[in-house]
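Student: I am new to this structure and would like to go through it with you. Could we look at it together?

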Amino acid sequence: MKHAWVKHNGRTLPVTVQPDGDLLTTAGAHIKPGDVAWCAPPHGTMIALGLNYVDHAAELQFTAPEEPLLFLKTASTVVGHGAEVMRPDEVAYMHYECELVAVIGKTARKVTQQEAMDYVAGYTLCNDYAIRDYLENYYRPNLRVKNRDTLTVLGPYIVDKEDIPDPQNLALRTYVNGEIKQQGHTQDMIFSITFLIEYLSACMTLVPGDMISTGTPKGLSNVVPGDEVSIEIEHIGRLTSYIISEQEYLEQRNAP
């Protein structure tokens, strides 16, 4: 089942996505997806990875890391499906990142790889945009690279774990203005979801709603205002966002 959160007629509603694409509210009402604004799924701590694909590390001429390269995402950076994403006016290179996200379903502390999947509730998608200009190196992704307003697009929904038998066997793709730009496969992750849950729960308590965004494969390119960017992951879904300039974003935000 697919669980989403949408704004409809001034209200934020939890819904399930039906096989025909309609949205079903908890009250039993059907809503057309074109009549809503999509919210990012509710989340707790969002943990993201750098350099977690063999081909991406090779693309950047790095050796595969021996331990996960982890950083956290702040609340102001997260937006939902269909959102406009601000490209800062002063930057020269901003790129998308198609990522599979594992959603934690119950409290996990010192969990082994063998039992790790018992703690997963489901999966969603993340387009974790990055501002390459300020990257000191890939082992130190700083705030100006990864925590700009609107640069973490999340959703459109959470797919139940039971509907995805093997998260390490999924194709990933990114399209810019309808042209495919990035292709990869979750089998090429350096650190699997079960490894990451064991690794993280050894030093911190994961709680329901926490999310682990598992990195991106090779195939990055610059995006500019006017671009439509869609990422998709096999059996999970498609997540779209639209690049606008910082000036346009600020004008909209400050409009009466």
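Predicted model: local features only at pLDDT ≥ 70, side-chain atom pairs only at ≥ 80, totals over all residues.

Student: How many aromatic pairs does the structure hold?

Tutor: The structure holds 2 aromatic pairs. In one of them, the ring centres of Phe-191 and Phe-195 are 5.2 Å apart with planes at 25 degrees, so this pair is stacked. The rings of Phe-195 and Tyr-199 are stacked too, because their centres lie 6.0 Å apart and their planes meet at 20 degrees.

Student: Why does an angle of 20 degrees count as stacked?

Tutor: Planes under 30 degrees apart count as stacked, and the planes of Phe-195 and Tyr-199 are at 20 degrees.

Student: Which residues form the aromatic cluster?

Tutor: Phe-191, Phe-195 and Tyr-199 form one aromatic cluster.

Student: Is Phe-191 buried or exposed?

Tutor: Phe-191 is buried, with a relative accessible area of 8%. Phe-195 is partly exposed at 24%, and Tyr-199 is partly exposed at 26%.

Student: How many residues apart are Phe-195 and Tyr-199 in helix H3?

Tutor: They are 4 residues apart in helix H3, which covers residues 193–201, so about one helical turn separates Phe-195 from Tyr-199.

Student: Changing topic, which ring does the charged end of Lys-106 sit over?

Tutor: The charged end of Lys-106 sits over the ring of Tyr-119, 4.7 Å from the ring centre. For Arg-238, the charged end sits over the ring of Tyr-175, with 4.7 Å to the centre of that ring.

Student: Where is Lys-106 found?

Tutor: Lys-106 lies in the loop between strand S11 (98–104) and strand S12 (120–128). Lys-106 counts as partly exposed, at 39% relative accessibility.

Student: And what does Lys-106 touch?

Tutor: Leaving aside residues up to four places away in sequence, Lys-106 touches Asp-118, Tyr-119, Leu-206 and Pro-208.

Student: On to the strands: how many bridges join S1 to strand S2?

Tutor: S1 and S2 (residues 11–17) run antiparallel and are joined by 7 bridges. His-8 has Arg-11 in S2 as its bridge partner. The hairpin of S1 and S2 has 2 residues between the strands, and Asn-9 takes a positive phi near 55 degrees there.

Student: What about S1 and strand S14?

Tutor: Strand S1 (residues 2–8) pairs with strand S14 (residues 152–160) in the antiparallel sense over 2 bridges, and His-3 stands opposite Ile-158 in S14. S1 also pairs with strand S5 (residues 37–38), again antiparallel over 2 bridges. There, Lys-7 has Ala-37 as its bridge partner.

Technical notes: Residues numbered from 1 in each chain as written. Heavy atoms only, no water. Phe/Tyr/Trp six-rings, centres within 6.5 Å; stacked < 30°, edge-to-face > 60°. Buried < 20%, exposed > 50% of the residue type's maximum accessible area, 1.4 Å probe, protein only. Lys NZ or Arg CZ within 6 Å of the ring centre and 35° of its normal. Contact = heavy atoms within 4.5 Å. Pairing = 2+ DSSP bridges.
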